[in-house]
Number of protein chains: 2
Amino acid sequence: MQIDETVKCFKSYLERYHAIRMAESLFHWDMQTGNPPEGGQESRAKLVSILGAESFQMTISDEMKGFLDALEPHLNTLSDETKAMHRIFSKKYNEAKNVPAEEARKYFELQAVAYEVWRKAKHNNDFASFAPYLKELVETNKRLIKYRGSDAKPYDMMLDEYEPGMTMEKLDVYFDKMRKTIVPLLKKVVASEKKIDNSFTFRTISIDKQKKIAALVMKKVGFDLNRGLIAETEHPFCLTISQNDVRISTHYYENNFLSSMFSVAHESGHGIYEQNISSEFADTVLSDGVSFGLHESQSRFFENIICRSYEFWQNSYDEFMEILGDDFKDVTPEMFYEAANVVNPSLIRIEADELTYSLHIMVRYEIEKLIFGGEVDVNDLPSIWNKKMEEYLGVTPKNDSEGVLQDVHWSSGLFGYFPSYSLGNAYAAQLLSYMQKDMDVFGNIKNGNVDAIREWLSEKLHKFGSLYEPSTILKAINGEELNADYYVEYLENKFSKVYNLK
Amino acid sequence: MQIDETVKCFKSYLERYHAIRMAESLFHWDMQTGNPPEGGQESRAKLVSILGAESFQMTISDEMKGFLDALEPHLNTLSDETKAMHRIFSKKYNEAKNVPAEEARKYFELQAVAYEVWRKAKHNNDFASFAPYLKELVETNKRLIKYRGSDAKPYDMMLDEYEPGMTMEKLDVYFDKMRKTIVPLLKKVVASEKKIDNSFTFRTISIDKQKKIAALVMKKVGFDLNRGLIAETEHPFCLTISQNDVRISTHYYENNFLSSMFSVAHESGHGIYEQNISSEFADTVLSDGVSFGLHESQSRFFENIICRSYEFWQNSYDEFMEILGDDFKDVTPEMFYEAANVVNPSLIRIEADELTYSLHIMVRYEIEKLIFGGEVDVNDLPSIWNKKMEEYLGVTPKNDSEGVLQDVHWSSGLFGYFPSYSLGNAYAAQLLSYMQKDMDVFGNIKNGNVDAIREWLSEKLHKFGSLYEPSTILKAINGEELNADYYVEYLENKFSKVYNLK
């Protein structure tokens, strides 16, 4: 076959793969938002698992191998698009090709059981019941990694799954910096005399009004509702059917309007990334953000850098007041700004403020390193967890439910995932700094010109979709990869101001 | 391979096929009910078409042929379930295997274009613009049929696609009976002195109240909302994800509550069929009603026989009045009953009453026979249509938009589909008569015991799903296939009473 013909067939094969993946996504959307009948749960799970097996099989099929092998010798002469497809699917193929079907089957079963055990363990504050499953999940992951026949360290390979190119070597430098700067900064903040009163944010606000706030936030940040929609779900998320059909969700709490407001800003950030991928890649496997870390950088950029800035509240104060009404006439833009930036070291990651967030991740990163370095007994994890929480955040869990058992990830075998949350913050600060060379970012926010910011991000990042790896994209902007300095500087500046630190 | 192993692989292959089909269904549900962004339309159409091509390919693949050939010699010893799967997929395979890919591709294109041309032609009352496309659709369908290499008559093969086993020979007998009995009956009704005043049914009723009426109707007829749901769409329909996730929709009109009420009853009938298929067939290709005609028999049974009966209004009058409130206190059960059974020969099929409905279908059947018998020029269809409408219904279209152009079916190449609508009514009356041997049907309706009726239908019909062909199912109940006598008798009895005919 001529190489052009091979490329054409490869792309058509991937289009079929993509269509099945999008069908899986639609089932997830439907299950979260469509209120389908409880009775149909089992069938839907079965249908989704058949579709999942179908798309998975397509990544390790002989046909896939045929394409990858045929294209390999020609990579230098192929388009970036084809190269990217080859890169992504070579990786998927190599990850899974040698895993015996029986081992894969057992792992799926283990995940399902372990998730249920974890749920009960968290509810009953009973780590001991979960420990053997956690151990088995770790051992299985180590075995699965071995099938790849690579010399790389197991945990490096797991990191690479979520953030291509990420390694312990790089993350050690990153988290060392956090430890040396953010931990002491947090101590200063906690010790500062300034106390922020955010009690007004817990006043009752009707869901109708909060929907108006959500619409306002989406408009302000530029989430395009002609090419997207918003729904209500238990947990907020963002899901893509196509770049012109990007769906986000939120959860409204009558007595905590900021929770929904910032979740809308966050999911809008994810959605804006997806909506602004080049239309060249529409309905292909490249029409997706390239990594968990870069995706999170966009949600954090819109949530934290834009919507938690003073300038955002200056700009939108009047519009908020119009919705909130007379009950809020005692609240100034400064009060909104400060309430949005209260620092409160807490036990639970998903409730963490902007300053402490990455410290929660550091605890998890260090423990995952220990686990996959083989230097720890899983039974010791609760005490290790609690010690690290005390050391970095100054708070100690009273029990494992609010400690080592709080997150779902490990029960589903997701090791190496957590760091991408923190990388998102770091990348966002890096992008902010580069952007500031090209424009007055906070001036634009103050003037309501978020379009300029979004366009910059689209041009430098969004449009590429999965075409290039994260480091390639970052280097193309400012010649460097991950660099923690920007993030540290951003946090120091912001929270020194909020808390009047010297 | 051992035959057991072949059967297992065949079933697993069909499970994958079924999962992709259900994904297509979910996309359709989402597009109709999810209000997804206009912007994503093109991608969704593309994704659905890729999934459609995938499932279609699976019906004509070498793998499919391998299964069919391997099972063929063993059919006598295989289970009814495997036999049914073999029957259904042999048919699909034979229908499509010889169609050249290029011919199929052109036909899909033609359908898409013809649909758009038809839409405009209907809007502009311009049959001439649609005529060449209609001609091309007919010619293409004749060619497609030829590829099957069967000796059967083309139109018989088209009928068989929607109603397995149906032929012109059988339908001629059926429609002759209609022509001889229902046409004169209608003339008597029109000439009768009794005029029914149904003006009260056009009083304004809020959508909220109509939703309560919908819930009441679903409860009365036994559509299980623990295993189903209802949504609002432009056109009512029923769609299945699994037997425990059956979805219906309706459209509420503030000034025509009966429209929505009967559409809910109608779609509930379709849904009840799907919900009551044996759980043995859950998530397999047999978990679907077996034919268009039998499906329609269930929607018509619940809509017409049950909900348009006097006994239904006797039983539910109080509950309706509770919802409708004081504005309706002048309305008696008799008035509801009569309003639900007004006969009003009209031009538009989808607005037709129970008595005239099959006459609309007879017009279409006779014309389709002419078309595929090659005895007619498409340019003559408008005048043929109008003459038949005058002859059977006593009304003449003023223009083609309310005549030959009114229905979408032909523009999508759906020839042979219309008769199944009428067969639904005939089957329903047949089933009613059989059922009356086992119970006092209208007594049960009067006493609110629709459960007994639904259970009878489930036992005799629903539970089989697609296991047996329509004629097999009917014969098993009363030893006969389609027999128009029951339907005619039902209509004569009912409308003689409603209109006080001698």
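In the predicted model, B:C307 has a relative accessibility of 0% and therefore counts as buried, since the cut-off for a buried residue is under 20%. B:C307 takes part in no disulfide, and the nearest cysteine sulfur, which belongs to B:C238, lies 15 Å away. A disulfide would require a pair of cysteine sulfur atoms within 2.5 Å, and by this rule the count over all chains comes to zero. Another cysteine of chain B, B:C9, has a relative accessible area of 28% and is therefore classed as partly exposed.

Also in chain B, B:D224 is found in the loop that runs between helix α9 (207-221) and strand β1 (228-232). With a relative accessibility of 25%, B:D224 counts as partly exposed. Although B:D224 and B:G271 are 47 residues apart along the chain, their C-alpha atoms are separated by 8.7 Å.

In chain A, A:H123 is part of helix α5, which spans residues 101-124, and at 69% relative accessibility A:H123 counts as exposed. The C-alpha atom of A:H123 is separated by 6.9 Å from that of A:S401, a residue 278 positions away along the chain.

Helix α7 of chain A (residues 154-162) contributes a set of buried residues, namely A:Y155, A:D156, A:M157, A:M158, A:L159 and A:Y162. These buried residues of α7(A) pack against several helices of chain A, which are α6 (127-146), α8 (168-191), α11 (292-306), α14 (357-373) and α16 (418-438).

The packing of two further helices of chain A was examined as a pair. Helix α9 (residues 207-221) and helix α12 (residues 310-324) of chain A pack at an angle of about 150°, and their axes are 10 Å apart. Because angles over 145 degrees count as roughly antiparallel, α9(A) and α12(A) are therefore assigned to that class. The crossing of α9(A) past α12(A) is right-handed. On the side of α9(A), the contact is made by A:K209, A:K212, A:I213, A:L216, A:V217, A:K219 and A:K220, and these meet A:F312, A:N315, A:S316, A:E319, A:F320, A:I323 and A:L324 in α12(A). Sorted by class, the contact between α9(A) and α12(A) has seven nonpolar, two polar and five charged residues. As a general point, an α-helix has 3.6 residues a turn, so residues three or four places apart point the same way.

How values were computed
Residues are numbered from 1 along each chain as its sequence is written. Chains are lettered from A and ligands numbered from 1 in the order in which they are written. This is a predicted model: local features need pLDDT of at least 70, side-chain atom pairs count only at pLDDT 80 or more; totals for chains, interfaces and linings use all residues. Side-chain values use heavy atoms; hydrogens and water are left out. Axes are lines fitted to C-alpha atoms, for helices over the stretch in contact, and angles run from 0 to 180 degrees between N-to-C directions. Helices (H or I, at least four residues) and strands (E, at least two) are DSSP runs, numbered from the N terminus. Angles under 35 degrees count as roughly parallel, over 145 as roughly antiparallel, 65 to 115 as roughly perpendicular and the rest as oblique. A crossing is left-handed if the near helix is turned anticlockwise from the far one by less than a right angle, and right-handed if clockwise. Contact means heavy atoms within 4.5 Å. Ala, Val, Leu, Ile, Met, Phe, Trp, Tyr, Cys and Pro count as nonpolar, Asp, Glu, Lys and Arg as charged, and the others, Gly among them, as polar. Buried means under 20% relative accessible area, exposed over 50%, partly exposed in between (1.4 Å probe, protein chains only).
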